[in-house]
Amino acid sequence: MERFRRNKGPLLLPVLCLAAALLIYLVVNSLWGAASVARQLSLGQQYLTDMNYNAAILAFNNAIRTDPVSKEAHIGLAKAYAGTGEYQFAGQMLEDLNQGPVPDEEISDTLIDIYTDAGEWERVIRLIRELIDSTDRDEYYDLLQQVLAAYFDQPHSYGVGTDQRLVLKNGQVLSAGSNSLGQLGVALAAAPEQTEAQPLADAGFNGTAARVWCAGRTSLALDEAGNLWAAGENRWGQMGLAYADGTTRTGWTCLTDTGDVAAAAGTTGHLLVLRTDGSLWQSGSETGGQLEPVSRFATVIQLESSGETVWLLSADGGLYTSSAGDPYTWTRVAEDVLRFGLGPDGGAVWLASDGGIGSNRYTVEQPEDWTALESGRMQPDFAVRQLAQSESGLLLTDAAGTLYLAADGQCAPVSTASPVETLYRQGEGVVLELRTGEVQYWADGDTAPAPLA
């Protein structure tokens, strides 16, 4: 025992020396690693400033190899990829880091910048809405209002109702069809009953219009100031004027004078109004003939109707439709939706946040260049901006405004006079609004669009 005690010190000495050396190595390596990460981050930021994005990608990747959890390195790398035009990859990189119950403000702000540059406004709106819910800060409310105002500024020059249609040309509202309830905007004697080939004529709208819609036999026009006007049926109080009127009305009546209407839609006896702050309002028999807010939806970013069906998209990605028999009841059809378009017979197609195409009714044979996703959706080989369903096939546009038709296992570009600004379904076909201001119509069954007659 005594000999063991005498030998204990010499035996422990090598162990202590080894532990000390290991500790020194770890400290030095940690300091060197931290210095290396800081150096690479500094280089990356300088390359970003110089717009040398490929060099920035290399520097930030070097930093991530040393410190895989560096938020600054991941944000810098995403900015560098966005600088090269790889917006989708850059966004997905940061989305994967922002999956917690509360969004990271710095990451979300970077994503907002990336998606703004990419024109991915639906993603921008969703991110701002999430920041509002988590912070309740005024700056995000103000930012949301600015983005919504720009997002809603889209043309809508064609509307089809029960037995009338409206066309907007150079600010003038034209109408054709039946005028049984004054829905053409003019006196009854000024327009015959509906005929198959009835030409468009001046609808008597006083002033300059910006957009037009129809809801049943009620015609709707938005003036340049953002106020909504209506002509035609008000038998259920759908005009929101606090009364119902069973007599035939002629001329146009101002429904709102607040200058904040973005869009309108509806069915027979039911009107929905989307304001520029994203709030949804409705009027009809169940509101006592007054416009009342629909409290279920905090922020609505898209509103469309076709026939007796209305669809809307909320900022959180929820896609809803109203029942033809009960327009005041909403059914959630899909989640995680960025944009939707309507099709024949009251169905819809939509773009999900994973880039895939979904539908509640239509089946498209997958083109060979598209990817089948785990969600069951199909992902085109280009970033889709807008879409709608025709009996001819699925119509899509990309960020450049190129039009595509997906049908019979193929997806091919379609020639148009200029890039497409927006498209939406009305009546028996899809309306294409071109960036030159020209409006074309893709009728069901046709193989190409034609100028709107």
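1. Let's start where helix α5 ends: G119 follows α5, and its phi is positive, near 75°. Helices here are DSSP runs of H or I with at least four residues, strands are runs of E with at least two, and both are numbered from the N terminus. Please keep in mind that this is a predicted model, in which local features need pLDDT of at least 70, side-chain atom pairs count only at pLDDT 80 or more, and totals for chains, interfaces and linings use all residues. Residues are numbered from 1 along each chain as its sequence is written, and side-chain values use heavy atoms, with hydrogens and water left out.

2. Helix α5 itself covers residues 105-118, 14 residues in total. From first C-alpha to last it reaches 20 Å, close to the 20 Å expected at 1.5 Å a residue (the expected span is 1.5 Å times one less than the number of residues). At the start of α5, a side-chain oxygen of D104 comes to within 3.0 Å of the backbone nitrogen of E106.

3. Which residues of α5 are buried? They are I107, S108, T110, L111, I112, I114 and Y115; buried means under 20% relative accessible area, exposed over 50%, and partly exposed in between, with a 1.4 Å probe and protein chains only. Their cover includes α3 (71-83), α4 (87-95) and α6 (121-135), where contact means heavy atoms within 4.5 Å.

4. Next, have a look at strand β24 (residues 403-407). Four of its five residues are buried, so β24 is largely enclosed by the rest of the structure. Strand β23 (residues 393-398) pairs with β24 in the antiparallel sense over four bridges; two strands count as paired if DSSP finds at least two bridges between them. L395 has L405 in β24 as its bridge partner. Four residues lie between the strands of this hairpin, and G401 takes a positive phi near 90°.

5. β24 also pairs with strand β25 (residues 410-414), antiparallel and over five bridges. A407 stands opposite Q410 in β25. The β24-β25 hairpin has two residues between its strands, and D408 in the turn has a positive phi of about 55°.

6. Finally, an open sheet is built from four strands in the order β5-β6-β7-β8, with antiparallel pairing. Its edge strands, β5 (209-215) and β8 (253-254), each pair on one side only. Strand β7 (residues 228-232) and β8 are joined in the antiparallel sense over two bridges, and W229 stands opposite C254 in β8.

Notes
A polar contact is a pair of N or O atoms within 3.5 Å; within protein, one must be able to donate a hydrogen and the other to accept it, and residues adjacent in sequence count only if both atoms are side-chain atoms.
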